[in-house]
Amino acid sequence: MTIDKIKDSLISAGKYVSENANIATSKANVKLNLKSKEDALESEYAKIGKEYFNSLSKKEKDKYKNLLSLEEEVNSLQDELNRLNEFKVCQKCGTKVTKDISYCPDCGSKVN
Ligand SMILES: [Zn+2]
């Protein structure tokens, strides 16, 4: 192989590698864009579904048992989280106190 031929084959190998890198980058960008647009589309469908559901009568809503039970679970978890957010724990003795308490009623330590 002459020097020129070796040079040519190295150049074409280099082009091949960089072309593959371009394709990989494009693929990653398109995938990311696709995912974000799919999510946006799902969210638009969900809005329509929610509007539709809210327009139903109580009797019609009762047919959607899965949705109603999920709604109930979400509400109860939200309530639980709200309750938990009202408390903090003494770092010294582990006593649970409400957020407005500055000193532990059990051990007297400052509670952050
Ligand atoms: Zn304490």
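Here is a short exchange about how this predicted model is described.

User: What should I know about the model before starting?

Analyst: The model is predicted: local features need pLDDT of at least 70, side-chain atom pairs count only at pLDDT 80 or more, and totals for chains, interfaces and linings use all residues. Residues are numbered from 1 along each chain as its sequence is written.

User: What makes up the secondary structure of the protein chain?

Analyst: Three helices and two strands. Helices (H or I, at least four residues) and strands (E, at least two) are DSSP runs, numbered from the N terminus. The order from that end is α-α-α-β-β.

User: Why is helix 1 said to lie largely in the open?

Analyst: A residue is buried if 20 or more other C-beta atoms, placed from the backbone, lie within 10 Å of its own; it is exposed if 12 or fewer do, and partly exposed in between. Of the 53 residues of helix 1, zero are buried, so the helix lies largely in the open.

User: What about helix 3?

Analyst: Zero of its 21 residues are buried, so helix 3 also lies largely in the open. In the protein chain, buried residues make up 2% of the 112 residues.
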